[in-house]
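Dear colleague,

Please read the notes with the coordinates open beside them.

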Amino acid sequence: MAIRNIIQIGDETLRKKSFPVTDFGEKTRALIDDMKETLKKAEGAGLAAPQVGVLRRIFIVDVEDGYYECVNPVITEMKGKQVGEEACLSVRGRQGVVERPMKITVTAQDRFGKPFKVKVSGFTARAFCHEYDHLDGILYVDKAKSLEETRD
Ligand code: ZN
């Protein structure tokens with residue numbers, strides 16, 4: 001496993017649409033392992049493959065609820081709404097208020113290509129939506145109602 005560089009806002013890669021994963025071989029699994037290690041070191045809630053410069057539809061989320069790996073995710077259902085603070089490992093020194101659905105249902109594949117379905121809510125749903133947006137080149141700052149500077 002290796003720590004990968006997290007690219008920052010301004011880099012064009014973050015604005016591109018990621019491609020579906022079709023190869024569930026060793027390379028994809030190594031990428032996910034690297035993402036996991038990179039996220040842990042950065043102490044973030046989630047990380048999407050384009051943030052490490054790989055335009056593939058993969059994200060991971062590590063929150064109180066648990067650790068999730070989603071390959072080729074699709075949000076199939078959204079319910080309610082929540083308004084709260086968000087930050088991003090690719091947008092250092094800022095945080096903002098973003099509206100997200102309260103509950104979502106996601107279908108995805110695991111790192112071996114096996115399909116699964118998961119329902120998440122609250123902060124976990126927020127993290128999923130944030131990471132999902134990365135796969136379409138969308139950053140939370142595009143959706144934020146307000147933004148402020150932070151110290152880190
Ligand atoms: Zn982000």
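Leaving aside its neighbours within four places in sequence, Gly96 is in contact with Gly84, Glu85, Glu86, Tyr140, Ser146 and Leu147. Please keep in mind throughout that this is a predicted model. Gly96 lies in strand E5, which spans residues 91-100, and with a relative accessible area of 3% this glycine is buried. Taken along the principal axes, the box that the C-alpha atoms fill is roughly 40 × 35 × 25 Å. Buried residues make up 47% of the 152 residues, and the accessible surface comes to about 8,100 Å², of which 49% belongs to carbon and sulfur atoms. Among the contacts with a separation of 6 or more, 68% are between residues 24 or more positions apart.

Next, the metal site. The zinc ion is coordinated by SG of Cys88 and by NE2 of both His130 and His134, at 2.0 to 2.3 Å, and along the chain these donors follow the spacing C-x41-H-x3-H. His130 and His134 are separated by about one helical turn, because they are 4 residues apart in helix H2, residues 122-134. Both histidines fall under the 20% cut-off for buried residues: His130 counts as buried at 5% relative accessibility, and His134 counts as buried at 1%.

Helix H2 itself has 13 residues and reaches 19 Å from its first C-alpha to its last, close to the 18 Å expected at 1.5 Å a residue. This helix is mostly covered, with 12 of its 13 residues buried; including the two zinc donors His130 and His134, the buried residues of H2 are Gly122, Thr124, Ala125, Arg126, Ala127, Phe128, Cys129, His130, Glu131, Tyr132, Asp133 and His134.

Helix H1, residues 26-42, has 17 residues and reaches 24 Å from its first C-alpha to its last, close to the 24 Å expected at 1.5 Å a residue. Which residues of H1 are buried? They are Thr28, Leu31, Ile32, Asp34, Met35, Thr38 and Leu39, and because they cover an arc of only 165 degrees around the axis, they lie on the same side of H1. On the other side of H1, Glu26, Lys40 and Lys41 are exposed. The cover over the buried residues of H1 includes strand E1 (46-48), strand E2 (58-63) and strand E3 (66-79).

One of these buried residues deserves a separate note. Asp34 is found in helix H1 and counts as buried at 9% relative accessibility. Apart from its neighbours within four places in sequence, Asp34 is in contact with Met1, Ala2 and Arg4.

Finally, there are two backbone angles that I would ask you to look at. Most residues other than glycine have a negative phi. Glu43, however, which comes just after H1, takes a positive phi of about 55 degrees. Glu43 is found in the loop between H1 and E1, and with a relative accessible area of 73% this residue is exposed. Asn72 likewise has a positive value in a residue other than glycine, with phi near 50 degrees. The place of Asn72 is in strand E3, and at 17% relative accessibility Asn72 counts as buried.

With best wishes

How values were computed. Residues are numbered from 1 along each chain as its sequence is written. This is a predicted model: local features need pLDDT of at least 70, side-chain atom pairs count only at pLDDT 80 or more; totals for chains, interfaces and linings use all residues. Side-chain values use heavy atoms; hydrogens and water are left out. Helices (H or I, at least four residues) and strands (E, at least two) are DSSP runs, numbered from the N terminus. The expected span of a helix is 1.5 Å times one less than its number of residues. Buried means under 20% relative accessible area, exposed over 50%, partly exposed in between (1.4 Å probe, protein chains only). The arc is that of the directions from the helix axis to the C-beta atoms. Contact means heavy atoms within 4.5 Å. Donors are N, O and S atoms within 2.8 Å of the metal (3.2 Å for Na, K and Ca); water is not among the atoms, so sites may look incomplete. Accessible areas come from the Shrake-Rupley method with a 1.4 Å probe; for residues, only the protein chains shown count as cover.
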